[in-house]
Structure formats: C-alpha cells, structure tokens
Amino acid sequence: MTMQFVTEYIDKKVEENSDFIRYTFYELRVKNNLSEEDIEEFLDINKDYFENKGYKVYFTGDNYEINNENKVVEQNELMIAIK
C-alpha cells in the first residue's frame with residue numbers, strides 16, 4: 001500500500017459523497033487485497049485526514065447519529081466519517 005493509493009482512495013470516496021464516507025471490510029480486504037496491517041495503517045491515516053477536515057469518525061461497533069437517526073457501525077463496516 002502506498003501513500004498514492006491512500007490519497008487516490010480518499011479523493012474517490014470524497015468525490016462519491018463528501019458528507020458520508022464508508023469503508024467496508026469487503027472493499028478493503030477483498031477488492032483491494034489489503035493485509036490486516038495495511039488496513040490498520042490505512043484507517044489510521046484516513047481517521048487523521050477526515051478529523052482534520054472536520055468530520056466525525058466512527059469505527060465498527062460505535063454509535064453515531066445521522067439525519068436524527070441513531071445507528072451503529074455494522075460488523076462489515078470498518079470506518080464511517082460524517083461531515
């Protein structure tokens with residue numbers, strides 16, 4: 001995993017929906033073939049990036065609120081960032 005990969009992936013996600021970013025186990029582990037260590041590093045970088053941009057960041061099992069609705073980050077979701 002390179003920093004270019006991380007940067008391009010963030011840009012792609014923000015372009016898709018800048019208010020709600022979701023990373024799933026499937027997309028990172030299966031589609032992009034990242035190792036557990038790569039996923040941990042990838043999520044750390046993303047957490048810092050999105051928090052610095054004013055997003056609230058949540059991980060598997062965390063509770064969050066969106067559109068006045070309480071939700072939980074599901075087992076297959078690794079990270080959610082909400083603007």
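Mentor: Lysine 71 counts as partly exposed, because its relative accessibility is 34%, which falls between the cut-offs of 20% and 50%. Please keep in mind that this is a predicted model. The side chain of lysine 71 meets that of glutamate 69 in a salt bridge, 3.9 Å from N to O. Glutamate 69 is partly exposed too, with a relative accessible area of 43%. Side chains of opposite charge can pair when their charged atoms come close.

Let us follow that theme. Across the whole structure, a search finds five salt bridges. One of them joins glutamate 77 and arginine 22, whose closest N and O atoms are 2.8 Å apart. Glutamate 77 belongs to strand S5 and arginine 22 to strand S1, so this pair ties together parts 55 residues apart in sequence. Here glutamate 77 is buried, with a relative accessible area of 5%, while arginine 22 is partly exposed at 34%. Another salt bridge links the side chains of lysine 47 and glutamate 51, at 3.2 Å from N to O. Both residues lie in helix H3, four residues apart, or about one turn of the helix. Lysine 47 is partly exposed at 28% relative accessibility, and glutamate 51 is partly exposed at 36%.

Now to the strands we just met. S1, S5 and S2 form an open sheet in the order S1-S5-S2, with antiparallel pairing. S1 and strand S2 (56-59) stand at the edges with a single partner strand each, so one side of each has no neighbour in the sheet. On average, neighbouring strands of this sheet are turned by 10° against each other, direction ignored. Between S2 and S5 there are four bridges, and tyrosine 58 has isoleucine 80 in S5 as its bridge partner. Helix H3 packs on the sheet and touches S1, S2 and S5, its direction making about 10° with that of S5.

What sits among these elements? The largest nonpolar core has 16 residues, and those with the most contacts inside it include Tyr23, Phe42, Phe50 and Met79. Helix H1 (3-16), strand S1 (20-24), helix H3 (36-52) and strand S5 (77-82) each supply at least two of its residues, and H3 gives the most, with four. Apart from it lies another core of six residues, among them Phe20, Tyr58, Tyr64 and Ile82.

Aromatic rings complete the picture, for the structure holds eight aromatic pairs. Phenylalanine 5 and phenylalanine 42 form a tilted one, 6.0 Å centre to centre with 45° between the planes. Phenylalanine 5 lies in helix H1 and phenylalanine 42 in helix H3, so that pair ties together parts 37 residues apart in sequence. Phenylalanine 42 is buried at 0% relative accessibility, whereas phenylalanine 5 is partly exposed at 21%. Ring pairs also link Phe5, Tyr9, Tyr23 and Phe42 into a cluster.

Technical notes: Residues numbered from 1 in each chain as written. Predicted model: local features only at pLDDT ≥ 70, side-chain atom pairs only at ≥ 80, totals over all residues. Heavy atoms only, no water. Core = buried A, V, L, I, M, F, W, Y, C linked by side-chain atoms within 4.5 Å. Buried < 20%, exposed > 50% of the residue type's maximum accessible area, 1.4 Å probe, protein only. Phe/Tyr/Trp six-rings, centres within 6.5 Å; stacked < 30°, edge-to-face > 60°. Pairing = 2+ DSSP bridges. Axes fitted to C-alpha atoms, helices over the stretch in contact; angles between N-to-C directions. Contact = heavy atoms within 4.5 Å. Salt bridge = Lys/Arg side-chain N within 4 Å of Asp/Glu carboxyl O.
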